[in-house]
Amino acid sequence: MAPADSHGEFLELEDALRYMKMVKNRHPATYNEFLNVMAHYKRGRIGIAEVASRVAALLRDSPDLIVGFNAFLPKGHRIRLSDEQAAAIEKPTTFVKAVMNTHPSTYREFLRIIFDEYGRDGIGIAEVASRVGVLFRDRPDLIAGFNAILPREHKIKVVGGVDEHELAARFMREVSLDDHDDDKIHDGCN
């Protein structure tokens, strides 16, 4: 599957391979089925709606992977999460969307850090927090947004006397979770 038109400048083959590695590590029992779906699409046997439906079913227990897969769907398509799935990842999704709106190289580096966490030899949440803190050292708003999804014991210190709670609240208000009104929605609730 090619990178999505709307995010293509952010996604590279390396990103797709890392994503597939995450699917394989977290869903080893259904990974071959996931690959079969991709192969059927590549050969033109199924369309994008069928791909979205099958991927939504295969990854139903991993809404974060569904959101990640949406980045690879063509512009105007995405898999909609159930209310329960969306509630489980609203803050992380909002945060990732804000990072995506930064410079492409910052977004790619952020994805690499996160993928390292979920890889076979995961680096651990403390190392993720440390690396993200360095990456966003000049963006206290992004640090505050990331802190909103980190466990308490791994929060990144925001320097410069900034009110982190106000930054986090403003961050969550300013970044809308659902801005795809023109998308064709593929229901992942089944």
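This is a predicted model: local features need pLDDT of at least 70, side-chain atom pairs count only at pLDDT 80 or more; totals for chains, interfaces and linings use all residues.

**Glu-50 and the pairing of α2 with α3**

- Glu-50 belongs to helix α3, which spans residues 48-58.
- The side chain of Glu-50 forms a polar contact of 2.7 Å with the side chain of Arg-54.
- Between Glu-50 and Val-37 the C-alpha distance is 8.7 Å, and the two are 13 residues apart in sequence.
- Helices α2 and α3 pack with their axes 10 Å apart, at an angle of about 175°.
- Since angles over 145 degrees count as roughly antiparallel, α2 and α3 are therefore roughly antiparallel to each other.
- On the α2 side, the residues that meet α3 are Glu-33, Phe-34, Val-37, Met-38, His-40 and Tyr-41.
- Their partners in α3 are Ile-48, Val-51, Arg-54, Val-55 and Leu-58.

**The nonpolar core**

- In soluble globular proteins, nonpolar side chains tend to be buried together.
- The largest nonpolar core of this model contains 43 residues, and Phe-34, Val-55, Phe-69 and Phe-146 have the most contacts inside it.
- At least two residues of this core come from each of the helices α1, α2, α3, α4, α5, α6, α7 and α8.
- Domain 1 (10-71) and domain 2 (83-176) both contribute residues, so the core lies between them.
- Helix α8 is mostly covered, with 6 of its 8 residues buried.
- The buried residues of α8 are Leu-142, Ile-143, Ala-144, Gly-145, Phe-146 and Asn-147.

**Two residues in loops**

- His-27 is located in the loop between α1 (13-26) and α2 (31-42).
- His-27 counts as buried because its relative accessibility is 12%, which is under the 20% limit.
- Beyond its neighbours within four places in sequence, His-27 is in contact with Leu-58, Leu-59, Ser-62 and Leu-65.
- Ile-123 lies in the loop between α6 and α7.
- Ile-123 is partly exposed, with a relative accessible area of 26%.
- When residues up to four places away in sequence are not counted, Ile-123 touches Ile-113, Asp-116, Glu-117, Val-128 and Arg-131.
- The C-alpha atoms of Ile-123 and Ile-113 are separated by 8.8 Å, and these residues are 10 residues apart along the chain.

Conventions
Residues are numbered from 1 along each chain as its sequence is written. Side-chain values use heavy atoms; hydrogens and water are left out. Helices (H or I, at least four residues) and strands (E, at least two) are DSSP runs, numbered from the N terminus. Buried means under 20% relative accessible area, exposed over 50%, partly exposed in between (1.4 Å probe, protein chains only). Contact means heavy atoms within 4.5 Å. A nonpolar core is a set of buried Ala, Val, Leu, Ile, Met, Phe, Trp, Tyr and Cys residues joined through side-chain atoms within 4.5 Å. Domain bounds come from an automatic or database domain assignment. A polar contact is a pair of N or O atoms within 3.5 Å; within protein, one must be able to donate a hydrogen and the other to accept it, and residues adjacent in sequence count only if both atoms are side-chain atoms. Axes are lines fitted to C-alpha atoms, for helices over the stretch in contact, and angles run from 0 to 180 degrees between N-to-C directions. Angles under 35 degrees count as roughly parallel, over 145 as roughly antiparallel, 65 to 115 as roughly perpendicular and the rest as oblique.
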